[in-house]
Amino acid sequence: MKSFFSNIKKDMVGNALLFLLVGLILLVFPVSVSKIACYACGIILLFYGLQLLHAYFTMSFPNSLTLIPAILLLLCGGFVIVRYDLVISFIPFLMGIVFLFYGLRETGYAFSLKNAGYEGWGINLLLSVLSLAGACVLLFYPFAAASFAVRFIGACLIYSGISQLWTIHCLSSHIKDFFR
């Protein structure tokens with residue numbers, strides 16, 4: 001039983017250190033990590049496309065249900081590898097469009113509140129302007145927004161790793177024989 005809890009502690013420390021390492025990598029190298037992720041996705045798409053293409057040419061009775069997906073996967077995989085920057089910035093750009101529509105809607109609501117005589121309508125207008133500003137950042141600087149998001153995830157992982165290490169320390173030092 002002693003070795004069981006000792007192994008749990010080792011696993012917890014290992015997990016926390018892994019979080020710290022991955023978080024630090026994401027924080028320091030967000031663009032490189034994003035590129036590597038796109039390259040990996042592109043390679044996977046190319047691999048599956050090549051598998052389907054191979055299956056098409058080795059079938060006794062080839063059909064277009066195998067050829068068309070193979071060609072699409074090969075094209076998509078090549079696109080993801082060649083235009084990784086476009087792929088990385090696509091998600092923040094889409095979110096920018098969503099925030100733009102919500103911000104415009106909220107601006108309309110703020111003016112409706114003003115017309116209805118609500119005294120606090122300025123706060124609603126300020127909040128809608130902030131949404132619109134966020135939308136503009138996402139629309140006009142999507143790659144920077146994606147890099148920020150990767151850095152934020154890295155910072156969260158670092159925090160989580162430090163938090164786990166602190167919890168392990170507290171459990172080890174304040175609850176006698178917790179991991180023994």
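The expected span of a helix is 1.5 Å times one less than its number of residues. In this predicted model, helix H4 (residues 84-115) makes a handy test case: with 32 residues, H4 reaches 47 Å from its first C-alpha to its last, close to the 46 Å expected. That end-to-end figure doesn't tell the whole story, though, as H4 bends by about 35 degrees at Phe90. A proline, Pro92, follows within four residues of the bend. Past the end of the helix comes Gly117, with a positive phi near 90 degrees.

Zooming out, the protein chain has 6 helices and 0 strands, so from the N terminus on the elements simply read α-α-α-α-α-α. The radius of gyration comes to 25 Å, well over the 16 Å that the globule rule gives for 180 residues, so the chain is more spread out than a compact globule. Its C-alpha atoms fill a box of roughly 70 × 70 × 25 Å along the principal axes. Buried residues account for 22% of the 180 residues. Among contacts between residues at least 6 apart in sequence, 74% join residues at least 24 apart.

In soluble globular proteins, nonpolar side chains tend to be buried together. Here the largest nonpolar core has 5 residues in all: Cys38, Val80, Tyr84, Ile88 and Ala146. Leaving aside its neighbours within four places in sequence, Ala146 is in contact with Ile88 and Pro92.

As for the cysteines, a search of the whole structure turns up 0 disulfides. Cys38 counts as buried because its relative accessibility is 8%, under the 20% cut-off. Cys156, on the other hand, counts as partly exposed because its relative accessibility is 36%, which falls between the 20% and 50% limits.

Conventions: Residues are numbered from 1 along each chain as its sequence is written. This is a predicted model: local features need pLDDT of at least 70, side-chain atom pairs count only at pLDDT 80 or more; totals for chains, interfaces and linings use all residues. Side-chain values use heavy atoms; hydrogens and water are left out. A disulfide is a pair of cysteine sulfur atoms within 2.5 Å. Buried means under 20% relative accessible area, exposed over 50%, partly exposed in between (1.4 Å probe, protein chains only). Helices (H or I, at least four residues) and strands (E, at least two) are DSSP runs, numbered from the N terminus. The bend at a residue is the angle between axes fitted to the seven residues ending there and the seven starting there. A nonpolar core is a set of buried Ala, Val, Leu, Ile, Met, Phe, Trp, Tyr and Cys residues joined through side-chain atoms within 4.5 Å. Contact means heavy atoms within 4.5 Å. The radius of gyration is taken over C-alpha atoms; the globule rule is 2.2 Å times the number of residues to the power 0.38.
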